[in-house]
Amino acid sequence: MVDDVELLDADIIDYHITIPIMNIKEEDSVALFLLENVMRSKGITFDTGFGSDGREWFLDWSLNGATPEVVIQKLRDIKVKFQVEMRVREDEV
């Protein structure tokens, strides 16, 4: 193990997911909409929004009812393209 590597607690890592929706197929758009509603109905909630690159999910302090890994796997399961950016929560460093 390298001495200068600092391991971070998973609780301080936030995940910013971007789902491009500009040229998304209609069935993918419907699948994404349904997934968001199903997760919400099962108590899995988190901040969402729209940015210049598409639909955004913020798996950070606002995430309740699941881990980021579970939410990301659910997104993989519907086979919609997405990007994930991992960020260290600044107020915790």
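This is a predicted model: local features need pLDDT of at least 70, side-chain atom pairs count only at pLDDT 80 or more; totals for chains, interfaces and linings use all residues.

User: Which exposed residues are on the face of α1 turned away from its buried side?
Analyst: That face carries Glu 26, Phe 33 and Ser 41. Exposed means over 50% relative accessible area, buried means under 20%, and partly exposed is in between (1.4 Å probe, protein chains only).

User: Good. Which residues of α1 are buried, then?
Analyst: Asp 28, Leu 32, Leu 35, Glu 36 and Met 39. These residues are on the same side of α1, because they cover an arc of only 95° around the axis. The arc is that of the directions from the helix axis to the C-beta atoms.

User: Why would residues a few places apart point the same way?
Analyst: An α-helix has 3.6 residues a turn, so residues three or four places apart point the same way.

User: What covers that buried side of α1?
Analyst: The cover includes β1 (13–19), β3 (54–59) and α2 (68–77). For Glu 36, the residues touched are Arg 55 and Trp 57, not counting residues up to four places away in sequence. A contact means heavy atoms within 4.5 Å.

User: A Glu on the buried side! Why does Glu 36 count as buried?
Analyst: Glu 36 counts as buried because its relative accessibility is 10%.

User: How many residues does α1 have, and how far does it reach?
Analyst: α1 runs over residues 26–41, which is 16 residues, and reaches 23 Å from its first C-alpha to its last, close to the 22 Å expected at 1.5 Å a residue. That expected span is 1.5 Å times one less than the number of residues. Just after α1, Gly 43 takes a positive phi of about 85°.

User: Let's zoom out. How many helices and strands are there?
Analyst: Two helices and four strands, running β-α-β-β-α-β from the N terminus on. Helices (H or I, at least four residues) and strands (E, at least two) are DSSP runs, numbered from the N terminus.

User: In what order do the strands lie in the sheet?
Analyst: The open sheet has the order β2-β3-β1-β4, with antiparallel pairing. Its edge strands are β2 (47–51) and β4 (83–88), each pairing on one side only. From one strand to the next, the twist averages 25°. Two strands pair if DSSP finds at least two bridges between them.

User: How many bridges join the pairs?
Analyst: Six join β1 to β4, five join β1 and β3, and five join β2 to β3. Tyr 15 stands opposite Met 86 in β4, and its bridge partner in β3 is Leu 59.

User: And what do β2 and β3 form?
Analyst: A hairpin with two residues between them. Gly 51 stands opposite Gly 54 in β3, and Thr 48 stands opposite Trp 57 in β3.

User: Is β3 enclosed or open to the outside?
Analyst: β3 is largely enclosed by the rest of the structure, because five of its six residues are buried.

User: Last one: what about the loop between α2 and β4?
Analyst: Lys 79 is in that loop, with a phi near 60°, a positive value in a residue other than glycine. Lys 79 counts as exposed because its relative accessibility is 68%. Most residues other than glycine have a negative phi.

Methods. Residues are numbered from 1 along each chain as its sequence is written. Side-chain values use heavy atoms; hydrogens and water are left out. Axes are lines fitted to C-alpha atoms, for helices over the stretch in contact, and angles run from 0 to 180 degrees between N-to-C directions.
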